[in-house]
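Welcome! Take a moment to look over the two chains before reading on, and keep the picture open as you go.

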Amino acid sequence: MPEPVASSHPITIDPTMSNAVTNAPAAPPPVEKVRVKVDGREIEVPKTMPDWQGKMQPTTMLQACKIAGVEVPHYCYHHKLPVAGNCRMCLVEFSTPMMDPATRKPVLNEDGSPKMARSVLPYEPQTPRGAIACATPISPGMEIHAASPATKQMREAVLESLLINHPLDCPICDQAGECKLQEYSVQHGQAASRFVEPKVHKPKAVDLGPRIMLDDERCILCTRCVRFTRDVAGDDALGIVNRGSYNTIASAPGRSFDNNYTLNTVDLCPVGALTSKDFRFKMRVWFLKETPSVCTSCATGCSVTVGSREGIVHRYEPRENDAVNGPWMCDSGRLNYRWIHRPDRLGKVLLRGAESDWTSAIAELAALLGSAPKGSVAFVASSRQTTEELWLVSRIARKLGALTDTVAREGEPDRLLVSADKNPNSQGARLTGVSFTEAGVTIPEIARGIDEGRIRTLVVLGEDVTKAGISSETLARVGNLVVSDILPNATTAAAHVLLPGCAHVEKRGTFINGKGRIQRFGKAIEPRGDARAEWEWLQELAVALGAVEPSRSIEGLFNRMASDVPALAGVEWARLGDLGVTVPV
Amino acid sequence: MPTEHRLILKNADAPGYTPDIDCYLRHGGYESLRKALATPARELPDGKKQSPQEVIRDEVLKSGLRGRGGAGFSAGLKWSFVDRRSGKPIYLVCNADESEPGTFKDRQILHKDPHQLVEGMIISCWANDVRLAYIYIRGEMPHGARLLNQALSEARAKGFLGKNILGTGFDLEIHVHRGAGAYICGEETGLIESLEGKRAYPRIKPPYFPAVLGLYMSPTIVNNVETLCAVRHIVAMGAAEYAKLGTPNNTGTRIVSLSGDVVRPGYFEIEVGKATLGELIFDPAFGGGLKPGRKLKAIIPGGSSSKVLKAGEKFRLRRKGADGQMVQVETDLLDLPYDFDSLQQAGTMSGSGAIIVMDDSRDMVDALANLSEFYAHESCGQCTPCREGALWMAKGLERLTHGGGRGEDAEYLLHIAQNIQGRTICAFGEAAAWPVLSFVRKFKDDFVARGKADEDARARGVIPSHHH
């Protein structure tokens, strides 16, 4: 049986490469090539290519067409799921070199070119026969007619069949705008249907599980969801009941479809059958601005796309990254965005309870820290902050001879994507020196320093230290408590200087995941109120303290950090791309 | 005059013949198995050596035996495709899911002479190094399943089955698995899925050819009941003698199920190709002719999915002339020899050997509506063209036969059927499309007239236009 997906996207670090930074997998061994033609153009393709699990298998027509830059439309095929071959949308006409049955040699035309035999029905030689490109291996000399009249006719026919019983309710369908039925109808559809019979009716608004709603009438029975949950998530929860045109996707009787990966089926569903209860009827997808980002719910750091409109985040979707999450993400991470828009978000700069502004606050901080005796300042930062921010903390702390640490956040891992480390940037904290390998071990020493009066100033970034080893009583002994955070808590309530912080979707930066993948993320929405990206004010402070040279942009700041942090040697912002690079950790 | 040649059904209907092992043994039962197990290895003229198992496999290949389930593929070749180097067990599965409308031959064997099948299976398993085999029997045949289980336990008790069969060291177990009532379970890869406990969705080929990736992803042979019984007779007679039965490339005997508008419907075992369609319908030894006063309208020659043949049709068959050259011979419908190749050349197939005769009392539109309803009901729904097309055709025909017809419905139906055949995962697509393609093409006037009559009636207000 197929391996679980977790083992199929290993982090690719080639130990033989001397360069510390690896971006691409190791150079593959020389591969045997096969020459085929796609729409008359000859190309050379590898004889074998990775299947959905990464195992080398004979190259398929669909893969060859992709190499040739020719898209073969498909519904059921997905490159990270076992091949089903049921939608038939990828049927293509093809030709193979004619073989002389006696000599087993190719038959040649007068000009010496091989004579080709077009695929036909064995029982009706005047009728072209298609092969499903997703599952049919190529053979030497094969020609794939991906745009021939016969191929087009087959596609039109499949599309017509898929639409006859479809409700055609696009105006109220959440999938509208990102629907393969719509897309292929534009490319391969017909203006009118010949269908004059009553449609098949099936269940609507089926509550499949806590996060998934199913419209069986929209379903095209491609079984992507069935295969995903069985073969990737390892939960054989979905299947098909009834027969023929009445086939219906259903969860096992008495069972709720409730594993932590169910929402991936909404992404996989090429039509509007499976919808997210969280997202349905909320927003037309074409209004969404898409920002590449990283999930912050654990140290896996799944690549995501943030969908937002006019300052409101509406959804996260996984963004395919084979070095991290493949095309998947867990439901709990995906839905962990609501807090961004909590009404109690901190939005004002407060100095000893009074409203202030950034200029005054930074000036006061610079004066305070600049005059602090060595060892009298400590920092508790957060591994939810960006690597650049953590580096700035470490530079300031070094200048001041301050203790630093972050707060560990542990939970249950799973066998697929979820990490036991619930911080998105523990590695960033380690590599910049803000924390030791074991985060939080310095916090008792900081608490002792406060209690013994040695530490007078405590800077807390994004953590409630009263829940992390510094009691409220201890906190009350701090002379100057400087706190930056996003949401109110016991620590922000005690702050002498309170600075409103940003959610990661409100700023730019990088996280380094548990396996050393450094990924950058973009800014999807504007910060709330007076909130500013922490790296901006941290840099102003650091410059004022003479801890760093100023950088004018996040790019410059990153590159300056990379040249300072040994583990990041050679990494540049521009090289991170959308998928990041892996650094040794 | 052609007559039956009973080989497989030799004893089945003999007075006093019972399905128990004692009766079978009294009639020479399991002697072929003893003969097979005692087969010596042999050296071929070219010096190649054949193991005893290879000898039997070679015999089956040389016998010319073609599968009796429907496709008519060489049984010996099918066996030769088995991947014998995979290191995985090889399975043999007997397809006893006889479900093609009009077909009632396998059940004669299962109900009357089950040990013959068991013996054929044991020989076939031995010849193919199979240690575990299954009989997948149609769910609607509970009595057959009981008899098979009885036969298997009797065979076990006598040492023909189980450990160390007849002291040769060969171990084999056979299990009966009952289906749950779906036609698609007769499709060999659907059958395999069902046997694995899953929904009988046929597998895509490539890559899932049973000979390589069959039951439990292991090499698997799926043979029809009648085919496996024939193996027993090939061993008993020798391939050369068996191949003398029937006609070249269409050897042996096969059981024909004759139904419909004939005086004497029933099953008849004939030498393949030694009787014509006309003889099978009209000869007193077979169908005994049409009912009084009736004329022939059509013949469905190989189970309900085969393309219908129209009375009076003529075909050009390729035949070897006196000088050995191939010539085309014009042949009347009723002169078509009932074999694999002739029917294929006539544009149809002998399929499961089921002939359905329709006389002039039959309405082709009604008949097709009935057939299409069956195929819509039995489509597994896995792949798009068949899932959507089969029901679409059935609905169109339901409308056409219930007052909602249109003159254009003939073309409408052809259009749907053409978009199914050749585009599906399994041959069910053809099974659903071919009746429509052949009925509508060959009896187009009937379909157009039916639709036009409805249009006229609607125009005159005789029937309501509720469909539009």
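Helices (H or I, at least four residues) and strands (E, at least two) are runs assigned by DSSP, and they are numbered from the N terminus. With that in hand, chain B comes to 18 helices and 15 strands. Please remember that this is a predicted model.

**Chain B as a whole**

- The radius of gyration of chain B is 23 Å, close to the 23 Å that the globule rule gives for 468 residues, so chain B is as compact as a globular protein of that length.
- Along its principal axes, the C-alpha trace of chain B spans about 80 × 50 × 50 Å.
- Of the 468 residues in chain B, 56% count as buried.
- Take the contacts in chain B between residues at least 6 apart in sequence: 71% of them join residues at least 24 apart.

**Chain A as a whole**

- Chain A has 15 helices and 28 strands in its secondary structure.
- The C-alpha trace of chain A spans about 95 × 55 × 40 Å along its principal axes.
- Chain A has 585 residues, and 48% of them are buried.
- Among contacts in chain A with a separation of 6 or more, 67% are between residues 24 or more positions apart.

**Where the chains meet**

**A sheet in chain B**

- Five strands of chain B form an open sheet with mixed pairing, in the order E10-E9-E15-E11-E12.
- Why is one side of strand E10 and of strand E12 in chain B left without a neighbour in the sheet? Strand E10 (266-271) and strand E12 (309-310) of chain B stand at the edges, each with a single partner strand, so each has one side with no neighbour there.
- Strand E11 (residues 296-300) of chain B runs antiparallel to E12(B), and two bridges join them.
- Within this pair of strands, B:Ile299 stands opposite B:Leu309 in E12(B).

**Backbone features to look for**

- The peptide bond from B:Lys205 to B:Pro206 is cis, with omega near 0 degrees.
- The next peptide bond to find, from B:Pro206 to B:Pro207, is also cis, with omega near 5 degrees.
- Where is B:Pro206? B:Pro206 sits in the loop between helix H8 (188-195) and helix H9 (210-213) of chain B, and B:Pro207 is found in the loop between H8 and H9 of chain B as well.
- B:Met217 is a residue other than glycine with a positive phi, near 60 degrees. B:Met217 lies in the loop between H9 and strand E6 (220-224) of chain B.
- B:Met217 counts as partly exposed because it has 14 C-beta neighbours inside 10 Å, while a buried residue needs 20 or more and an exposed one has 12 or fewer.
- In chain A, A:Phe281 has a positive phi near 65 degrees, and A:Phe281 is not a glycine either.
- A:Phe281 is in the loop between strand E15 (274-276) and strand E16 (289-294) of chain A.
- Is A:Phe281 buried or exposed? A:Phe281 counts as exposed, because it has 10 C-beta neighbours inside 10 Å.

Definitions and conventions. Residues numbered from 1 in each chain as written. Chains lettered and ligands numbered in written order. Predicted model: local features only at pLDDT ≥ 70, side-chain atom pairs only at ≥ 80, totals over all residues. Pairing = 2+ DSSP bridges. Rg over C-alpha atoms; globule rule 2.2 N^0.38 Å. Contact = placed C-beta atoms within 7 Å.
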